[in-house]
Amino acid sequence: MIWEVFRQEKTGRYHTHCGNVHAPDREMAKQFAAIQHGRRKPTNSLWVVPREEIGEIDSEDVAFGGTTDKSYRWATAYNTTGTDASEVVESEDEQATAERQRGDD
C-alpha cells in the first residue's frame, strides 16, 4: 500500500508533499515516513495519508479562482513617477519627524 507523506517544517507553516512510502499499515507508514522524510530536514510534523484517500478536483471539474485578471490589486501593476505619491512621501516625513520628537529612533 502506498502512503503519501506531507511535511511541515515549522509550526504554523503549510504541510507540503515530500514523497511517499510503501507500508502494510498506518503505524509502519508513520515509522517509514519519519525515517525517510523527517530525519534529514527540519521537521515539525508529518501527515501520512493512504494514496486512495486523497481526493482530486481539477480545473475540468471546477472553475478555480484566478481566472480573471485582477492585477490592478497589486501595487506592482502601477507605474508611478514618485510625484504621484507626494502625499505618501509627505506622510512618511511627518511620521519620521513625530518619531524623532518622541525619541523612538
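Is His 15 buried or exposed? In this predicted model, in which residues are numbered from 1 along each chain as its sequence is written, local features need pLDDT of at least 70 and side-chain atom pairs count only at pLDDT 80 or more, while totals for chains, interfaces and linings use all residues. Side-chain values use heavy atoms, with hydrogens and water left out.

His 15 has a relative accessibility of 19% and therefore counts as buried, the term meaning under 20% relative accessible area, with exposed meaning over 50% and partly exposed in between (1.4 Å probe, protein chains only). The residue lies in strand β2, which covers residues 15-22; helices (H or I, at least four residues) and strands (E, at least two) are DSSP runs numbered from the N terminus. The side chain of His 15 is joined to that of Ser 45 by a polar contact of 2.7 Å and to that of Trp 47 by another of 3.2 Å. A polar contact is a pair of N or O atoms within 3.5 Å; within protein, one must be able to donate a hydrogen and the other to accept it, and residues adjacent in sequence count only if both atoms are side-chain atoms. When neighbours within four places in sequence are left aside, His 15 is in contact (heavy atoms within 4.5 Å) with Phe 6, Arg 7, Gln 8, Ser 45 and Trp 47.

Along the sequence, the chain follows the pattern β-β-α-β-α. For helix α1 (residues 26-37), the 12 residues at 1.5 Å a residue should span 16 Å, and the end C-alpha atoms are 15 Å apart, which agrees; the expected span is 1.5 Å times one less than the number of residues. The buried residues of α1 are Ala 29, Ala 33 and His 37. Seen down the helix axis, these buried residues fall within an arc of 35°, so they line one face of α1, the arc being that of the directions from the axis to the C-beta atoms. They pack against β1 (2-8), β2 and β3 (45-50).

The largest nonpolar core comprises seven residues, namely Trp 3, Val 5, Val 21, Ala 23, Ala 29, Ala 33 and Val 48; such a core is a set of buried Ala, Val, Leu, Ile, Met, Phe, Trp, Tyr and Cys residues joined through side-chain atoms within 4.5 Å. At least two residues of this core are supplied by each of β1 and α1.
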